[in-house]
Each structure stands twice: as C-alpha cells, then as structure tokens.
Amino acid sequence: MKIKYEFVTGAVEVEVTDDWGTILVDLDRQEYNINHKETRRHCSLDAYNLDDTLFPSDVDVLRDILRAEDAERLYSAIAKLEPRQQKLIRQVFFEGCGYTDIARTEGLDESTVRHATTRALKKLKKFL
C-alpha cells in the first residue's frame with residue numbers, strides 16, 4: 001500500500017505493508033475528524049423542554065403573548081380617553097405619582113384628583 005504525504009516543499013509517497021497502511025489511514029481519519037469538530041454552541045440537556053425545544057422550562061411563551069396583547073389593548077383604550085384623563089392615568093399608574101403630589105402641582109384638591117382618576121378608570125373599563 002502506498003501512502004502519500006504532502007508537505008510545503010513537495011509530496012512524498014511511502015510504500016508500507018497493508019497493516020501499517022490501515023493504521024495510518026485510520027490515524028489520518030481521526031486527525032481529520034478532530035480538526036473538523038463542530039464549533040457551534042452546545043446547550044445543556046436541562047435547557048430542553050419535553051417537546052425538544054430550546055426554551056427554558058420556566059418561560060411561558062403563550063403567557064408572554066397574551067400579556068403583550070393585553071398591553072396593546074390597554075394602550076389603545078388609554079388613547080381613546082381625553083388628553084387630561086390620559087395624563088392623569090399615566091401619572092398615577094405608570095409614573096407612580098400620588099394624588100397629593102398631582103393635586104399640589106395642578107393646584108387642585110386631592111379629592112378632585114381622586115374623583116377624576118375614578119371617572120377616567122370607569123371610562124377606561126368601558127373601552128376594554
């Protein structure tokens with residue numbers, strides 16, 4: 001059996017017995033496989049769900065989609081409110097402002113702000 005080795009300076013053919021030839025071919029194959037192993041990322045088996053998907057088991061995709069749809073409906077309902085009511089809802093529920101803070105900056109009584117918020121919420125519920 002003839003084994004051919006290629007070098008930068010040229011190629012060399014060597015005559016070997018079949019036993020040695022089989023061993024050399026096997027070693028060349030192993031070296032090739034080692035040099036061409038997969039380099040992509042591997043993940044732990046713990047990351048697979050029972051249906052062999054790559055989502056962590058604690059992520060509920062359906063719940064996330066429903067939350068996004070609910071948020072979209074909420075924002076479109078808020079857009080239907082009057083501008084003053086939109087501002088009030090934004091300040092109270094999104095920015096976390098208290099009734100007394102809003103009343104102080106607007107120059108109103110706290111109960112007025114509270115009642116205006118209640119009216120805005122009732123109107124918002126009708127749109128939802």
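Biologist: In which helix is the place of Gln-91?

Modeller: Gln-91 is found in helix α3. Helices are DSSP runs of H or I with at least four residues, strands are DSSP runs of E with at least two, and both are numbered from the N terminus. This is a predicted model, in which local features need pLDDT of at least 70 and side-chain atom pairs count only at pLDDT 80 or more, whereas totals for chains, interfaces and linings use all residues. Residues are numbered from 1 along each chain as its sequence is written; side-chain values use heavy atoms, with hydrogens and water left out.

Biologist: What makes Gln-91 count as buried?

Modeller: Buried means under 20% relative accessible area, exposed over 50%, and partly exposed in between, with a 1.4 Å probe and protein chains only. Gln-91 has 13% relative accessibility and therefore counts as buried.

Biologist: Which residues is Gln-91 in contact with, leaving aside its neighbours within four places in sequence?

Modeller: Contact means heavy atoms within 4.5 Å. With those neighbours set aside, Gln-91 touches Gly-96, Cys-97 and Ile-102.

Biologist: Why are the buried residues of α5 said to line one face of the helix?

Modeller: The buried residues of α5 are Val-113, Ala-116, Thr-117, Ala-120 and Leu-124. Viewed down the axis of α5, they fall within an arc of 100°, so they line one face; the arc is that of the directions from the helix axis to the C-beta atoms. An α-helix has 3.6 residues a turn, so residues three or four places apart point the same way. The buried residues pack against α2 (61-79), α3 (83-94) and α4 (99-106). Exposed on the other side of α5 are Arg-119, Lys-122, Lys-125 and Lys-126.

Biologist: Why does Phe-7 count as exposed?

Modeller: Phe-7 has 52% relative accessibility, and therefore counts as exposed. Phe-7 lies in the loop between β1 (2-6) and β2 (11-15).
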